Amino acid sequence: MKLSENAEKLMELLTADGFKAYAVGGCVRDYLLGKTAGDIDITTSAKPQQVEYILTNQGIKCIETGIKHGTVTAVLNGEQYEITTFRKDGDYKDNRRPESVDFVTDIQDDLSRRDFTVNAMAYNAEDGITDLFGGREDLKNGIIRAVGNADSRFKEDALRIMRALRFSAVLGFSIEEITKKAIFENRNLLNKIAGERIFTELTKLLMGDNALQVLDEYRAVIGVIIPELKPAFSCEQN
């Protein structure tokens, strides 16, 4: 997998100091789909303070964008890269973000907390692609599947419901049956999510080639976020 020079440098600096570092998530997914990777997120066994120490000693600016949850943003040659420590999430009391996180040293623990298998893959030059949950197979078969227990994933973060629909619309993938069932069962949790966050996902969904099919198949979900549409669902269209 080819990464940008900046991302490779950041990962090499962390690795040289004895830590593990991987490109993770969407950039790995897009590479396997033959697409140009957008933002490259990095995950590492180094704790945030260690990341800052290593990078600032090399003259690289660091911004504490999400230090509570283990994220430091490195600014290198005018480009920003989020670097997040391997972590396990605590309780989600607001159906959006964990109340606390525990930093861990195993990439498996970090990947197991992610939303969908196609987003739960990591890469570095030493290990190649780390795929512990069948993400490559699901990409090959065009499937969106929750990592682990689907019901738990959506109760943790209800915005994942909209993300699943968005990926289905944009990638043209079907949503796996257990994941689909959990989406319908947890759809009312979307009432707890900020409208701005839903709007962002909905806008991307509507731009997807598969948008019409997703809107029709998941009309019960769309009815939660746009209740004004409900009367039209059973109205014959002439």
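**Helix packing and sheet organisation in the predicted model**

In helix 3 (residues 48–56), the buried positions are Pro48, Val51, Glu52, Ile54 and Leu55, where buried denotes under 20% relative accessible area, exposed over 50% and partly exposed the range in between, with a 1.4 Å probe and protein chains only. The structure is a predicted model, in which local features need pLDDT of at least 70 and side-chain atom pairs count only at pLDDT 80 or more, while totals for chains, interfaces and linings use all residues. Residues are numbered from 1 along each chain as its sequence is written, and side-chain values use heavy atoms, with hydrogens and water left out. Helices (H or I, at least four residues) and strands (E, at least two) are DSSP runs numbered from the N terminus.

The cover over the buried residues of helix 3 includes helix 1, strand 2, strand 3, strand 4, strand 5 and strand 7 (101–103), contact being defined as heavy atoms within 4.5 Å. The axes of helix 1 (residues 5–16) and helix 3 come within 10 Å of each other and cross at roughly 110°; axes are lines fitted to C-alpha atoms, for helices over the stretch in contact, and angles run from 0 to 180 degrees between N-to-C directions. Helix 1 is therefore roughly perpendicular to helix 3, given that angles under 35 degrees count as roughly parallel, over 145 as roughly antiparallel, 65 to 115 as roughly perpendicular and the rest as oblique. Leu10, Leu13 and Leu14 of helix 1 meet Val51, Ile54 and Leu55 of helix 3 in this contact. By class, the contact comprises 6 nonpolar, no polar and no charged residues, with Ala, Val, Leu, Ile, Met, Phe, Trp, Tyr, Cys and Pro counted as nonpolar, Asp, Glu, Lys and Arg as charged, and the others, Gly among them, as polar.

An open sheet of 7 strands shows the order 3-4-5-2-1-8-9 with mixed pairing; two strands pair if DSSP finds at least two bridges between them. Strand 3 (61–66) and strand 9 (128–131) stand at the edges with a single partner strand each, so one side of each has no neighbour in the sheet. From one strand to the next, the twist averages 35°. Helix 1 packs on this sheet, touching strand 1 (21–24), strand 2, strand 4 (71–76), strand 5 and strand 8 (121–124), and its direction makes about 35° with that of strand 5.

Strands 1 and 2 pair in the antiparallel sense over 4 bridges, and alanine 23 has isoleucine 42 of strand 2 as its bridge partner. Strand 2 (residues 41–44) runs parallel to strand 5 (residues 79–85), to which 3 bridges join it. Within strand 5, isoleucine 83 is the bridge partner of isoleucine 42, and threonine 85 that of threonine 44.

Helix 7 (residues 159–171) is mostly covered, with 11 of its 13 residues buried, among them Arg160, Arg166 and Phe167. Glycine 172 follows helix 7 and has a positive phi, near 75°.

Threonine 117, in the loop between helix 4 (107–111) and strand 8, is buried, with a relative accessible area of 1%. Not counting residues up to four places away in sequence, threonine 117 touches Phe133, Gly134, Gly135, Asp138, Arg145, Ala146 and Val147.
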